[in-house]
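Reader: I would like to learn how to read the features of a model such as this one. Please take them one at a time.

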Amino acid sequence: MLQGGSVQLLCLTASSGVPLFCRGATRPLPFSIIGSLNGVHMFGGGQGTVLSSCVTDRGGRVLWRVFHDTVVLIAVSSQESGAVSELRLRRLLENSWNAMVLVLGLDELASARNVERLKRDLRSCYRLIDAFLEGEWDGMGDLMHCADCVVPLQPALLQEVLDSFAHAADSEFGCLLTHGKIIVATEKWWRLAPQEVVLLSALVRTLDGTISRDYPVFLPQGSPTVPHRLLCFQLLPGLDVCVLCGPSPSLQKAESELVVQFWSPVIDTLHGCLALRDRCLPSSVTLQHGILGLLLINRESRRAISTVHLWAGAPADVPLPARRRELLRALYTLAITRYFLAEDAQEEHRSVDGLEEDFPAGFSHQPVQFYLATDECKCFALQTPQHQLYLLTSVTVPTFALRSLATRTLSTLLSHTGF
């Protein structure tokens with residue numbers, strides 16, 4: 001639960017170890033160290049050993065992963081950022097590769113023969129990769145591979161307008177977002193792989209400030225070699241609608257005719273959606289004042305609501321919102337790597353720390369609740385067959401009351417949001 005630090009991401013060719021880019025640090029690692037990190041990985045591969053991660057004696061952490069025998073991604077956290085979890089670094093590698101496929105396509109990456117050209121092409125991925133590297137938005141989808149959502153006041157109305165707009169644009173894939181968080185989406189949009197939903201939301205967020213955009217994208221799982229058109233339109237600053245479509249309609253036609261026709265009548269409702277950016281919940285949902293932050297995950301639909309802005313004026317002795325967000329991410333990481341670990345995900349989340357590897361084996365059952373008390377806050381997490389709820393509360397909340405508080409909060413959220 002310590003403060004995190006900087007992380008560097010290195011990208012090299014798998015065959016020759018030529019550096020393609022280095023992101024995330026004001027002072028990049030020296031070439032000799034980059035070469036050593038790649039060299040030890042290649043040496044292990046030559047000896048029939050897969051080197052995937054290691055921890056230094058000073059608390060730093062390094063992860064390697066090869067994608068399609070073409071690109072090696074290396075995530076490095078320094079000793080000052082020893083609190084950076086292996087899960088976060090693993091997600092960073094996955095998200096960065098998927099971002100590269102999303103922008104360039106798998107064929108361009110897997111069959112690249114001109115290294116200098118590939119270097120230039122990869123520059124178009126930097127902004128999206130940096131968003132994952134630096135955590136530029138308030139959501140947690142990059143860590144959970146769940147879609148960050150908000151709950152609008154009139155979801156049925158917005159859903160109807162979005163479905164009609166997507167149909168008029170010859171598309172079954174449409175989404176309405178505010179600052180990268182999904183307000184409503186079409187049924188087919190939700191059928192995309194969770195990682196793809198997270199990627200597209202992040203991409204739209206990085207395009208913020210652009211009134212309209214016709215952007216070719218490859219879906220890393222659904223269509224890694226054939227591009228689709230992503231049409232994005234800014235309805236209001238911070239609020240965008242986008243569709244995945246084929247050759248028609250043209251960007252000009254969609255912008256001049258369809259956007260005005262379908263979204264102008266609900267402009268007041270759209271203004272109301274902007275207020276949901278931080279809280280994510282309608283004002284009609286009232287929660288106990290001791291709650292400093294929450295994360296609610298629908299495990300079946302892979303959607304999530306997270307917020308640390310429940311109250312306008314928090315007491316001076318509670319952590320600042322940025323710190324609460326960091327604590328919430330740490331709580332989630334702790335839970336799924338040690339307590340709520342599904343049997344089919346044990347290998348994925350297994351840590352290089354020997355204590356963490358063996359920890360779940362000590363249980364004869366699957367834990368469904370746990371609590372944690374720190375100097376900054378108290379935490380409680382619970383899991384049901386369909387949902388997970390994570391709460392940060394003030395240290396003044398009695399420990400014995402955490403379970404009942406979490407149970408009541410889950411009931412309130414589900415009854416008022418239908419999430």
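Author: Start with burial: buried means under 20% relative accessible area, exposed over 50%, and partly exposed in between (1.4 Å probe, protein chains only). D214 has 33% relative accessibility, so D214 counts as partly exposed. R229, at 15%, counts as buried. This is a predicted model, in which local features need pLDDT of at least 70 and side-chain atom pairs count only at pLDDT 80 or more, while totals for chains, interfaces and linings use all residues. Residues are numbered from 1 along each chain as its sequence is written, and side-chain values use heavy atoms, with hydrogens and water left out.

Reader: How many salt bridges does the structure hold?

Author: A salt bridge is a side-chain nitrogen of Lys or Arg within 4 Å of a carboxyl oxygen of Asp or Glu. The structure holds 13 of them. In one, R229 pairs with D214, with 2.7 Å between the closest N and O atoms. This pair links distant parts of the chain, with R229 in strand β10 (residues 223-236) and D214 in strand β9 (residues 212-219), 15 residues apart. Helices (H or I, at least four residues) and strands (E, at least two) are DSSP runs, numbered from the N terminus.

Reader: Where do R323 and E326 lie, and how far apart are they in helix α13?

Author: The two side chains meet in a salt bridge at 3.2 Å, N to O. R323 and E326 are separated by about one helical turn, because they are three residues apart in helix α13 (residues 321-338). R323 is buried, at 11% relative accessible area, whereas E326 is partly exposed at 23%.

Reader: Why is strand β4 largely enclosed by the rest of the structure?

Author: Because five of the seven residues of β4 (residues 61-67) are buried.

Reader: What is the strand order in the open sheet of six strands?

Author: The order is β6-β13-β12-β16-β15-β14, with mixed pairing. The edge strands, β6 (147-148) and β14 (369-373), each pair on one side only. Within the sheet, β15 (residues 378-383) and β16 are antiparallel and share six bridges, with F380 and L391 as bridge partners. Helix α16 (residues 402-417) lies across β12 (291-298), β14, β15 and β16, at about 125° to β16. Axes are lines fitted to C-alpha atoms, for helices over the stretch in contact, and angles run from 0 to 180 degrees between N-to-C directions.

Reader: Is T393 buried or exposed, and which residues does T393 touch?

Author: T393, in strand β16 (residues 387-393), counts as buried at 1% relative accessibility. Contact means heavy atoms within 4.5 Å. Leaving out residues up to four places away in sequence, T393 touches G290, I291, L292, C377, K378, L402 and L405.

Notes: Two strands pair if DSSP finds at least two bridges between them.
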